[in-house]
Amino acid sequence: MLKDITLGQFFPGKSVIHRLDPRVKLTLVTLFVTALFTARGPLTYALVFIWLAYAVIASRLSLRVFFRGLRPLVFILVFTAILNALYTQGEILFSWWIIKITREGLIMAAYMLARILMLVTGTFLLTYTTSPIMLTDALERVLKPLKKIKVPVHELAMMMTIALRFIPTLIEETQKIMSAQQARGADFESPNLMKRVKAMIPLLVPLFVSAFQRAEDLAVAMECRCYNGGVGRTRMRVLRMGFIDYAALTAAIALCAAVFILR
């Protein structure tokens, strides 16, 4: 299960999506989420899905990568669908004891599943096609107006990017500790929930120790390189927007406008 978590991973490539300005990617994700939560009905959901499907195809990433990232969310998806199907008032299609499934509940469950799947896929697409360094620069540029009210924009962007960067590392570390604990008799797949919870306790202690040690090593390395925040820092790559970036922004704005009009 842990191997299926792909959040924070970056897959290098030369596709159109990879070449987009990272500031544009952040804006596109924001507009996409806005359109997704504004959508009502099959037509607007279809527009959002077509837009997302084109972006996924243009990224030239394997669909297997996205499916692997969505696999850990199966329980959440099923649980959400059941809640919407059972607790939405409307025309009753099936009734047994206290269980009542309505037509409106099934429709709401389908919309909710589509919304969650597209939301997660769109978010994954951002991290899959943007390196942590470029994402840091983009966040800092986008949040730059907040510097006027003394918000430490550079430090916030750096912390967010480091957190994303170390997700795959911590997952790999967790997998190693689990393998070592299983070799010593720990049972992480027991059908008994209490046994599985007890087996997780010896896993958490070395994981937290390892995480704090990595944080300490990173802090020491940054201090040795005379890191003092964003004051006086220069960048090797200067962000510049091109024709493709403006075209992508125009398409995203058109999507939001179309969804808002047709909702």
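What pattern does the protein chain follow when read along the sequence? The order is α-α-α-α-α-β-β-α-α-α-α-α, made up of 10 helices and 2 strands. Helices (H or I, at least four residues) and strands (E, at least two) are DSSP runs, numbered from the N terminus. The model is predicted, with local features requiring pLDDT of at least 70 and side-chain atom pairs counting only at pLDDT 80 or more, while totals for chains, interfaces and linings use all residues. Residues are numbered from 1 along each chain as its sequence is written, and side-chain values use heavy atoms, with hydrogens and water left out.

Along the principal axes, the C-alpha atoms of the protein chain fill a box of roughly 70 × 60 × 40 Å. The domain assignment gives domain 1 (14-130 + 240-262) and domain 2 (147-224); such bounds come from an automatic or database assignment. Taken over C-alpha atoms, the centres of domain 1 and domain 2 are separated by 29 Å.

Helix α3 (residues 42-59) packs with helix α6 (residues 103-129): the two axes come within 11 Å and cross at roughly 25 degrees. Axes are lines fitted to C-alpha atoms, for helices over the stretch in contact, and angles run from 0 to 180 degrees between N-to-C directions. The helices α3 and α6 are therefore roughly parallel to each other (angles under 35 degrees; over 145 is roughly antiparallel, 65 to 115 roughly perpendicular and the rest oblique). The crossing of α3 past α6 is left-handed, that is, the near helix is turned anticlockwise from the far one by less than a right angle. Contacts (heavy atoms within 4.5 Å) involve P42, Y45, V48, F49, L52, A55, V56 and S59 of α3, which meet Y111, A114, R115, M118, T121, G122, L125 and T129 of α6. By class, this contact has 11 nonpolar, 4 polar and 1 charged residues (Ala, Val, Leu, Ile, Met, Phe, Trp, Tyr, Cys and Pro are nonpolar, Asp, Glu, Lys and Arg charged, and the others, Gly among them, polar).

Strand β1 (residues 92-96) pairs with strand β2 (residues 99-102) in the antiparallel sense over 4 bridges, pairing requiring at least two DSSP bridges. F94 lies opposite I101 in β2, and W96 has I99 as its bridge partner. A hairpin is formed by β1 and β2 with 2 residues between them, and W97 in the turn has a positive phi of about 55 degrees.
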